[in-house]
Each structure stands twice: as C-alpha cells, then as structure tokens.
Amino acid sequence: MNKFVRQLLPFGTLTLIIAALAALEPDTFLTMENFSNVFSRSSYSGIVAMGMTAVIISGGIDLSVGSMMALSGMVAGLVMTQNGNVVPTPCLMVLGTFAGVLMGTLCGLLNGSLITLLNLPPFIVTLGTMSAFRGISYVMNNGMMFDVPNYTFLGESAIAGVPVNVLIFLAIALAAFFLLRYTPLGRYTYAIGSNRQAAYHAGVNVNRNLIAIYTITGLFVGIAAMIATSRTVSAQPTAGISLELDIIAAVVIGGASLSGGRGTVIGTIIGTLLISFLRNGCTLLGISTNIQLVVIGAIIIGAVALDQAARAKAETA
Amino acid sequence: MVQSVSESAAHHEDGIALRMTGISKHFGPVQALRDVSITVRAGTVHALVGENGAGKSTLMKILAGVYQPDMGDIEIQDRRQVFANPAQALHAGISMIYQELDLAEHLTVAENIFLGAEPRGPLPFTISHRHMIAQAGRLAQRYSFDIDPAAKVEDLATGDCQIVEILKALRHNASILVMDEPTSSLSEREAKRLFEVVRRLRTEGLAIVYISHRLEEIIDLADEVSVLRDGVLVHCEPAATLDIPKIVHHMVGRELTDFFPMRTVQIGDGLVQVQGLSSEAGIRDISFEVRRGEIVGMAGLVGAGRTEVARAIFGVDKKTAGQVLLNGRELNINSPADAIASGIALLTEDRKRTGLCIELPCSWNITLPSLGQIGFKPFIKPAQESRIAGDVGSRMAVKWSSPEALASSLSGGNQQKLLVARWLLANSRFMIFDEPTRGIDVGAKTEVYTLLNKLAEEGKAILFISSELPELFGIADRILVMRRGKLVGDLATKQTTPEQVMHLAAVEEKA
C-alpha cells in the first residue's frame, strides 16, 4: 500500500499542478497549442533524461550531457553548412543529422571508456568532459553559431497534429522502458547500481555494460541535439548550458536514487513533465524565470524528502 | 578522566549489575519480546543465546536505549532507569559492541577511543594529540592490551578493532558490556585472545552480556546462559551444568539428533582437477580433485588462503600459475562470467558485499547469472522469470512472501538459500561454498547441510570452506587443510581427527 502511494506521489503532484493551472488560467493553459508547446519543449530534455535514468540506476552520473548536446549540434551544423559556407541542401541536412547523432554516440563511448578503463568515478570523468566538450564547441566556429535556416523538420513539423519531436521522444521512451525492463542489459544496470561487487561475482560484465549505458546516453543526446538545433534553426555552442541539472532533477523527482539501483522510465517522464508544466505555469501566471528556479529547487528537495520519509516508514512498518 | 572500573564496580562485587524485569516489546503486529526478565551479576559473563529472530537483538537494543520497551523495568545497580536514547544508556554505564564494528576507520586508535571527549589542547577548539595518545596508552596498559594508540584503525586486524571497541567502552566507565557475536569474524587465535580479554574484564568486575551462535565458546566462557525463543525467555541456568545438546534443545525446542544429514551418496568419478594453482593473492601450488557427488571440506585459519583458492578458481583473482580442469578439459577462466559459463559457482563468504543485490527482488537475484542463458534470450519475460525463480526457490524452501519480495525482507538463512537457488538455476556442476553457515542460526545451518547433501546426491561436486571443524567433520567426505597459502593436508574425514586437522592448520603459526 505504502509502496503504491509512494509511486503515485510524483504523478499526483503532476496532476495537481495541471489541475491548478487549468483552474487559474483556463483560457491560455487548456489549449491544444499550449499543451503541444509544453510537450514539444519537453521532448529533447526528456530524450536525454531517458539515458540519464539508466546512468543513475547504474549508480553513476553524467554531467556532460549539456556540453555533449552543444558539440553534437555544432558538428551537425558544420557538416550541413560545410563550415558556414552554404545553405544546407536536403542531402547535407541528412548527412549532418547523422554526423551529429554519431558525435553524441562517440562522446558517450568516450565517457564510458574513461570511466571503466581508468576506473574513475563517473562524476569526475563527466565533469572533465563537460568542460572539454563545451570548449571544443566554442572552438569549432570561433564561438559563433552555424545557421541552418531550412532545417525545420524535427523542430516544427507534425504528423497528424502531433509534433515530430514528441513522436521521437515517445519512441525513445518506449525503447528505454523496454531496455530497462525486458533486456539483460537493463537488468544488469539495476544490479550494478544496487551492488556492483555482487553483480560482478554473479557473472555480470560490469565494464561492458557501463560502456553500453554511457554510449546509449550519448546516442540519445545526439538525437536530442538535432531536435534542439532544428527548434532554433541554428547550431549553438551555448546550447544545453546547465541542462544536466534539469535532467538530473527530473530523474530524481521521478523516484530514482543517486546511490543507484532504483529508478524507472515512467517516473522520469513524470519528473520531466512536472518541471515543464511548472515552467509553463509560472510563465502563464507571469512569475519571473528567476522565481521559477527557486520553485524548482524547492520541488527537488521536497520530492526527495517525501520519498525518503515514505521509504523509512515502509521499512519500520 | 579514566577512572578505574574496578573501583566503581567493587561495591557491587556480589551485587546485581543489571536487572531487566518483565520486558515486552512489539513492532506492529509482531510481539518481539514477551515478559522477559534477566539478571546479570557484576563480575560474570551472561550468555544470551537463541535462533535468529528470537529477540536477542531487540532485548539488547532496549538495554542500550535504542528502543523503548512497551512494558517492564531496567535496573542498573539497583537503581531504576528509563533510557530515552542511546546516550543516556551509555551514561548509565552500558556499552554495546555490535557485530559490525562502529569505528572511524581513518582515525587512530586513540582518536577512536576518545571520540567526543578529546583531551583539550592549550588553545581553544584544539585537541591535544599527545595527551590523547598517552591516555589511550595508559588505558590499554592497565588492561594489558597490546595495541599501538597511534595506529590507524584501517591498518588493524579485526581482532584489534574489537580491542579498540572494548577500550572505548572502558573509557566510558562501562559497568555493563554487551558483546554481539564478537567472534564471528575472528580467526581461532584472535578469538582465543578475545576470550582472555573477556575473562580479564570479568575479574575486573564488569558484567558482560555475551551473544553468540558458537555454543562451544559459550560453554567455555559463560557463567550463566539465558535462552530466548520466539521472544520468550525459555531457560536460564549456570553454564557449569549445561552442555551443547541441552542448549540446542532449549533453543529449537527439539533435540537435533539429525543435526547432520546421513551421507549415502555414491561418489562418482573425478569432475574437477585443480593443478598447481597459484595466484597474485598469495596462494601457491594448490592441487586437489573433487569428484561427482563428493563434498570436499576446506579447513584453515583465517588468512590461510582458503577464500583466495575459491577466488582464483572463480576468476576473481588473477592466476599466476596452474590450471583448473573440468571433465578433463582445461578451462580458460579470467572472470566470474567465464567461470559461470563453465559451470562453476561460488557462494561468497560475504553475503551482503559480494552476494546479494539486497534492494532488488528475490527473483532478480536468482536469475542474475542465468539471464544470458536460453529461456531469457533475447528478452526477459517477467511472468516466466517469476515462475522459474519461484520453482527453484521452493526447491530450496526459501521462505518469502513472493518471488518479487525484496531480498532485504528475508532473514539471513533465507538469503543464503536464495543464493544457493541462484546457482542451482545456473546449473553449476562445481559449487564452491565459502562459509555458508556464518551468522545463521542452528535451524538454518541444518538446512544448509541438508542442502549440500542434496546437491551432492544430484551429482554435483562441492568444495565446502568452513572455519567450524564440527561441521566439516559432520558433512565432508574429505578435508583439505590450508596454511599460509599452501595446501598442507588432504585427508579422508573418516581417517582423521579434529585435533590432527587443527594441528596441520596451526602448527607453524607463530604468535
């Protein structure tokens, strides 16, 4: 019963926020356009959060996702514009998209390899690559962005009224859900996060699995980077600054434990939406973005405190 | 600052140090203790025994102020006391030494002893390390403990850590010392030293409550024995008139005539050959054979290299020489994953650290090494997984509310069975059990023995590492003896004696 209530907690909070906003701002909030906008804006952070969920379940952390997103976008922009010399042709746009996604994947592979081969804490490795990836993004075009004015497919188009980027997010969420729940890789991720030594002694190839998790996260970041690039029709070296904090917050609000072994895809989706609707609601109600930061901070601490209290109660009962 | 314990206790030389009367305690619907009364005299060792879950820990946590009783009184030296928290109990002279030692590893012995009451230095907010080390040294000397107060705790052996805990208690002027399973992680030699220490503390006038599963040492050490069963005090008697069968009888409420199962297994031909095995962990030139249906015991003191042999075979430690053959074929094992693929299982000695993922479901723990096998590929089907785990779990008679219950919800003995179920499902042909009965109660131990026997009957080859000679002699067909990284004996159980094994294991050891 208690466990059930605990799982309902983030969902209940989300429902409450939506209900409150619907009551306060029925005309602007309860519109198809607004909802479509919120989901579309959640899509790329949601995609990154899927990877982060796996990383956090494994007992790790990836601080480099924001910088990785900028770097992937810049590589895509470089290819699409031939280093700023042409307006992207459809052929170049496809090529650039692949290049950007590949870049993200390689960045993830690098993180995973450094963590396992040098046996370093993920926090340290990704703190380092966070800085390095950002630096490379700035160097690529001397701190300037690449304009890709006609790269609008991922950002603006819709199929049957549903934005393409939301569809991509749903597909990736489904894949992540399946991966964590129904594949040995997902199961090993929980086992490694819960007790790495025990997983190793039970025959889990810990290093190979960790590399896979960080690489998949890189892949997701690469895809998210292309959506972000398309939404702003430009590849920006400043993209995704402090994105990692929002995403870690979403995963933690969704019930994952930073010490590993615990977390779900559904929880993370709820956490992501919770932050998005909160932002949206604050904007509609005319609350400044600065206050939004305070509200989100309070929600993170409150969510984890409530979760811990419920857990402690469940244990003594 | 450091008062003599004997002075304060001298007035109560023949007096009652501790009297707990009519203690009851429930957690939710579970009655953990019902009307329990015990009396402990100063200058005696009072042993508290009972199976896991009998209520020993709850009773001691009430004494230490961790829990508050629903009913009942605590009197310390004839004065009634109510403890709202552990600090008050400590102040009243009660010190607990828990099974998992409670020391700050990166600090020195002296710093640990004086934690929270450090001698002040000349400047405000400073500590005088010189005084602290000197005082710690004097305290150790007074009780003739041989320990360096300036040493870091992380560099000490487990036995020495216990001495530090005891010194900590003495520094608090403890008159009542509670020791919870103090010998469970000690070598034979360290345990002997601890017994001497306990006897010395007894003559100093301390009242010692001693909890242990090892009944031999209780008979040896205790003045009085109290037996708890299902939260009720079922028996209390001077140790002098007790023996092990009597204690066991009171603990389990029945005679354990069938403590060890009858071994009727037909031993088959050789399955595992270990030849000239050496590893980076310091074992040298180990050779032995285990046949189908055979249980081979492995004896030795702590640190003799028994666990290291298991780790080398299982691919955890790097081999530097030698080979392992299964069915006459040489195996190439570089990791536990390789070993498992070859049909080898290792039930590690540390269930919590290297065995279970405690916060994951039982079923996940069981299937973990088998997920790569047919039936789970390419996708895990939860219903099927639950059924498979449920089947193998019930074969091991694991007591759980369902296979989806968290592993942390099981008792120690059931967690052990869960791990055995894991390797049963992995279809291991050669199973290594490293101290499988450590820290589990008598009833659960018997179940483990029965289990080993059953596995042997199924034709598995078993290597059984244990520090308890009686169980090796009770269940093993042969006994290997390790000493300082070498195999020094390979004896048929029927043709040897515990004395001979002990001699082989210990003879070259220098104090």
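Buried here means 20 or more other C-beta atoms within 10 Å of the residue's own, with exposed at 12 or fewer, partly exposed in between, and the C-beta atoms placed from the backbone. Strands are DSSP runs of E, at least two residues long, helices are runs of H or I, at least four, and both get numbered from the N terminus.

Quick caveat: this is a predicted model, where local features need pLDDT of at least 70 and side-chain atom pairs need 80 or more, while totals for chains, interfaces and linings use all residues. Residues count from 1 along each chain as its sequence is written, and chains are lettered from A and ligands numbered from 1 in the order they are written.

Back to β3(B), residues 45-49: 5 of the 5 are buried, so the rest of the structure largely encloses this strand. Who are its partners? Strands pair if DSSP finds at least two bridges between them. One partner is β8(B), residues 207-211, running parallel with 4 bridges, and there B:L48 sits opposite B:I211. Another is β9(B), residues 224-229, also parallel with 4 bridges, where B:V49 faces B:V227.

Now over to chain A, which has 14 helices and 4 strands. Of its 317 residues, 50% count as buried. Along the principal axes, the C-alpha trace of chain A spans about 65 × 55 × 35 Å.
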